[in-house]
Amino acid sequence: MHLLQPQLEVTTSSLVSPHSITAPMLTPDQVQRSSWQTLTTEPEQVDWLILHFNHWFSHHNVMLVKGDFEPEYFPAINQQPAKIQFAHGFFNSALHEISHWSISGEKRRLLPDLGYWYAPDGRTAEQQALFEQVEIKPQAIEWLFATAFGRKFRVSLDNLTGDSGNGTQFKDHVFAQVQRYFSGEATLPRDAALFIHYICVCTRHGLPLQLNEFKRELLD
């Protein structure tokens, strides 16, 4: 596990403006197909998310779908679009799987499960350390997604029956990665930036995410 280095001074207070996104843009009327603000239950919010994600990213020939079992990614085959399957209809699971998809490049999107090998629950300390290293960026981006929706984010070490790793250090890494996105030290993947922009149009009247919305203590 790499040690955290001293952070550069963060000079950018907001994240994701329309001018920084090179992917196809939609007008506000095209972005929102139904109102987010009127939804009160998680199933309603999940249906809204599926409808809008599939609309926003139709140019990638990909669909977000509910799964009855574990999350999984299925690449496009024949005339069928790629599928991002999230677990048990849970909203947070959908955000997590979208974050992994948004990070992956074109080659990974051609592979089952984006080409990742997943060690199941019960990992050793060494396996858990590798898991956490791979999960820093996806969970940092998931935190951005969740905050744009006004939802609580919790990091996941996902190893209930094995070595649980260093939760405090992992949270430090996730927090530091979010700061890097705001400072410009790290570049937010294009599809992640586009997704955040569209969410903000629908849920925050277009107000970009602000640096002061992300504090380390929120992860505890």
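Buried means under 20% relative accessible area. The legends below apply that cut-off to a predicted model.

**View 1. Phe-57, a buried ring in a loop.** Phe-57 sits in the loop between α2 and β2 (62-67). Its relative accessibility is 0%, so Phe-57 counts as buried. Leaving aside residues up to four places away in sequence, Phe-57 touches Val-62, Trp-101, Asp-191, Leu-194 and Phe-195.

View 2. A pair of aromatic rings is described by the distance of the centres and the angle of the planes. The model has 18 aromatic pairs. In the pair of Trp-48 and Phe-149, the centres are 6.0 Å apart and the planes stand at 85°, an edge-to-face arrangement. Trp-48 belongs to helix α2 (residues 42-56) and Phe-149 to the loop between α4 (125-148) and α5 (167-183), so the pair ties together parts 101 residues apart in sequence. Both Trp-48 and Phe-149 are buried. Both rings also belong to a cluster linked by ring pairs, whose members include Phe-57, Trp-101 and Phe-195.

View 3. The charged end of Arg-109 sits over the ring of Trp-101, 3.9 Å from the ring centre. Arg-109 also forms a salt bridge with Asp-191, at 2.9 Å from N to O. Asp-191 lies in helix α6 (residues 190-203) and Arg-109 in the loop between α3 (91-103) and α4, so this bridge ties together parts 82 residues apart in sequence. Asp-191 is buried, with a relative accessible area of 5%. Arg-109, at 14%, counts as buried too.

**View 4. Arg-108 over Tyr-116.** Here Arg-108 lies over the face of Tyr-116. The distance to the ring centre is 4.2 Å.

**View 5. Glu-42 and Arg-151 in a salt bridge.** The structure holds 8 salt bridges. In the bridge between Arg-151 and Glu-42, the closest N and O atoms are 3.4 Å apart. Arg-151 is in the loop between α4 and α5, while Glu-42 is in helix α2, 109 residues away. Glu-42 is partly exposed, at 31% relative accessible area.

View 6. Asp-172 lies in helix α5 and Arg-216 in the segment after β5 (209-210), so the pair ties together parts 44 residues apart in sequence. Asp-172 is partly exposed at 27%, whereas Arg-216 counts as buried at 16%. Salt bridges with shared partners join Lys-171, Asp-172, Arg-216 and Asp-220 into one network.

Terms used: Residues numbered from 1 in each chain as written. Predicted model: local features only at pLDDT ≥ 70, side-chain atom pairs only at ≥ 80, totals over all residues. Heavy atoms only, no water. Phe/Tyr/Trp six-rings, centres within 6.5 Å; stacked < 30°, edge-to-face > 60°. Helix = DSSP H or I, 4+ residues; strand = E, 2+ residues; numbered from the N terminus. Buried < 20%, exposed > 50% of the residue type's maximum accessible area, 1.4 Å probe, protein only. Lys NZ or Arg CZ within 6 Å of the ring centre and 35° of its normal. Contact = heavy atoms within 4.5 Å. Salt bridge = Lys/Arg side-chain N within 4 Å of Asp/Glu carboxyl O.
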